[in-house]
Amino acid sequence: MPNLERIEDVMWQLSQKQYLADRSLATAIFLCLKLERPLFLEGEPGVGKTAVAQAMAQVLNVPLIRLQCYEGIDRESALYEWNYPKQLLAIRLYESSSEHSRALNQESLYQAEFLLKRPLFEALMPEGPAPVLLIDEIDRSDDEFEAFLLEILSEFQISIPELGTIRAQEKPFIVLTSNRTRDVHDALKRRCIYHWLDYPSFGRELEIVELKVPGLDQQLRRDVVQLVQRLRQEPLDKKPGVAEALDWAHALEALMTERLSPEVFADTLGVLLKDREDINRVQEGNLIAQMIKELESDDPTVS
Amino acid sequence: MTLLSRNLWVLARSLRSWGFTLSVADLKDAQSALLLTKDYSFSGVHDVLEGLWVRSYDQKCIFDKAFALWAREFMGEPLMIKPPSWFSQLPKKIKTQRRVVWVSKEETKKMATQAQETLWTSTHTASSEEVLSDQSDTGMPALHFWQSPRHYRHGYRKRPAQKGRIWNVPKTLRKSLSSGELIKWYYSARRPRWRPTVFLWDVSQSMAPFIPMFFGFFYRLSEIGERVDVWGFSTQLTHLSPRWRHPNPLLAYQELFRQVPDLGGGTRLEHTLLTFYSQSKPRLKHATDIILITDGYESGDCAELEAVLSRIRRHCHRLNWWNPWYLTPQYEIATKAGKILRHYCSVQKAGTIENCLHAWSQLA
């Protein structure tokens with residue numbers, strides 16, 4: 001367990017794992033660790049919510065268990081399930097064996113050996129150290145599943161009718177993420193530390209691109225971040241996130257681009273924008289040339 | 001009570017009046033968290049309180065504003081030196097006044113714009129005469145009991161099964177254990193799920209005669225538990241569903257006139273749809289049905305109406321247009337907005353409660 005006694009320690013450890021967190025996020029993580037509460041991250045797609053859990057797993061040096069939520073997810077696919085084929089097989093074996101089936105009763109069928117462990121169960125009863133549990137896109141799940149999570153998030157325990165209550169020996173670090181497609185119930189959020197992850201500032205995004213794409217030319221890196229920040233000010237349907245900025249930087253690196261031109265920008269626009277109307281809006285409005293011109297006017301190397 | 005906890009308490013009480021659900025436990029949590037972080041700078045306190053007290057993006061906007069005002073009182077002073085000057089100036093508690101608001105009226109107005117229920121799309125509102133003229137109309141129909149078909153959709157099927165049925169393995173196993181032999185397979189009942197439906201209801205002057213009828217229809221739908229979300233629009237968009245929690249329909253109907261400031265005003269369909277789409281896009285699910293109730297009149301130039309309708313249609317399951325005048329003799333869709341709506345929506349007649357029920361049953 002690394003030394004995480006101060007907020008600065010959290011920031012430093014995360015930066016060591018290539019995640020640059022601002023102080024408010026580091027404070028939220030620090031409080032989660034100290035108060036032993038889950039972290040609820042909300043924000044636009046592509047701002048690095050899932051990456052927080054991945055980075056924390058690396059910081060704590062524990063495995064990451066991920067539960068991807070979807071509409072219709074239920075406790076059987078999230079927590080545990082009885083292995084019915086195995087149970088039926090056990091019944092058949094008992095019947096065919098010389099021993100009489102009196103030895104077979106309901107208790108013997110509902111043992112741990114017939115249990116199929118799903119991500120939540122594995123997070124509470126791990127074989128090694130307590131993992132980082134990522135419950136991704138909780139807003140996609142149903143209200144019933146949210147209610148089911150309440151016991152786990154507050155008590156770190158689960159109740160299996162046949163086996164009783166199982167409590168985590170060591171509390172896992174839980175991260176819940178949401179894209180805010182719907183409001184998650186207050187009862188669930190009350191049990192968590194909430195943090196809204198916004199788009200980063202220019203300086204922070206530049207540091208992120210520098211860290212993740214070190215091979216890119218310094219001036220080109222600045223241009224990439226500046227253009228992405230500029231695009232976010234446009235009334236687009238889907239604004240480019242940090243993930244798209246990194247993808248674009250990688251794309252420009254792969255194309256061995258040395259300087260941004262309107263042609264290169266137009267050709268690689270699909271990496272940044274994923275909506276036809278958005279692309280049309282940028283292309284038709286002469287926005288590309290205008291933004292490149294703004295870049296050049298800001299560039300001191302261009303006379 | 002320490003000075004810090006007293007200040008936090010006042011901030012929490014103020015936030016409560018803006019819809020924050022903060023209990024004593026939250027205050028204790030905040031204090032213990034501050035002891036852990038040992039960072040009593042404004043940003044440090046802000047980060048801690050935000051993490052513990054804020055539970056949504058809308059709350060974050062209000063919290064940031066309120067915290068800035070709260071912190072302004074301490075500007076240049078350490079947070080724990082003395083009680084804030086404004087604390088003693090709080091008005092004495094009046095029995096009839098339940099809200100504790102310590103921000104100024106100007107700030108109150110600014111923060112109120114961020115409340116969830118109403119989205120102000122423009123500064124234009126109906127005149128008081130228009131509102132009064134509509135208030136004089138008390139033609140609220142009696143809400144007869146009627147059985148409407150449920151708006152279900154098929155549940156998510158976990159396992160494939162032959163003949164379209166799902167095995168209930170636990171029940172089969174349980175029964176077989178009690179009977180001693182595997183004889184009979186049991187099947188799960190199909191789990192019905194409500195299909196979310198969003199109504200965009202035109203409450204402008206031209207649709208004023210239909211307001212009581214549609215209100216009765218929506219009220220009844222809400223009463224029987226249908227998952228409907230109703231937005232009224234004329235010159236601005238107003239979220240109406242929360243108003244109907246009143247158990248008395250007549251009082252709820254009166255409340256409607258109080259809450260919708262532009263009821264019976266002009267029609268800004270394009271502006272409304274643009275605002276609805278930009279605000280609700282993350283919340284729109286592909287299973288949602290969107291019903292647009294309007295006569296197709298638009299006071300604007302419809303420059304972006306086609307584009308926004310195309311987008312909304314791609315984000316929902318069905319986009320229907322309920323037109324009260326549709327299929328009536330000597331009526332034809334002649335307006336530009338109406339023609340665009342007919343192209344993107346499936347048009348249904350909804351001039352009477354029977355028409356509405358028929359259209360609803362087609363959705364179910």
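This is a predicted model: local features need pLDDT of at least 70, side-chain atom pairs count only at pLDDT 80 or more; totals for chains, interfaces and linings use all residues.
Residues are numbered from 1 along each chain as its sequence is written, chains are lettered from A and ligands numbered from 1 in the order in which they are written, and side-chain values use heavy atoms, with hydrogens and water left out.

**View 1. The open sheet of chain A.** Five strands line up as 2-5-8-1-9 with parallel pairing (strands are DSSP runs of E, at least two residues, and helices runs of H or I, at least four, numbered from the N terminus; two strands pair if DSSP finds at least two bridges between them). Strand 2 (64–68) and strand 9 (193–197) sit at the edges with a single partner strand each, so one side of each has no neighbour in the sheet. On average, neighbouring strands are turned by 20° against each other, direction ignored. Strand 1 (residues 39–43) and strand 8 (residues 173–178) are joined by four bridges, and Leu41(A) has Thr177(A) as its bridge partner.

**View 2. Helices against that sheet.** Helix 2 (residues 23–35) of chain A packs on the sheet, touching strand 1, strand 8 and strand 9, and its direction makes about 160° with that of strand 9 (contact means heavy atoms within 4.5 Å; axes are lines fitted to C-alpha atoms, for helices over the stretch in contact, with angles from 0 to 180 degrees between N-to-C directions).

View 3. Within chain A, Arg23(A) forms a salt bridge with Glu8(A), closest N and O atoms 2.8 Å apart (a side-chain nitrogen of Lys or Arg within 4 Å of a carboxyl oxygen of Asp or Glu). Glu8(A) belongs to helix 1 (residues 7–16) and Arg23(A) to helix 2, so the pair ties together parts 15 residues apart in sequence. Arg23(A) also meets Asp39(B) in a salt bridge, again 2.8 Å from N to O.

**View 4. Where chain B meets chain A.** Chain B puts 37 residues into the contact and chain A 41. Nine salt bridges are counted between the two chains. Among the elements giving two or more residues on the chain B side are helix 2 (24–37) and helix 3 (42–53); helix 3 of chain B gives the most, with five residues.
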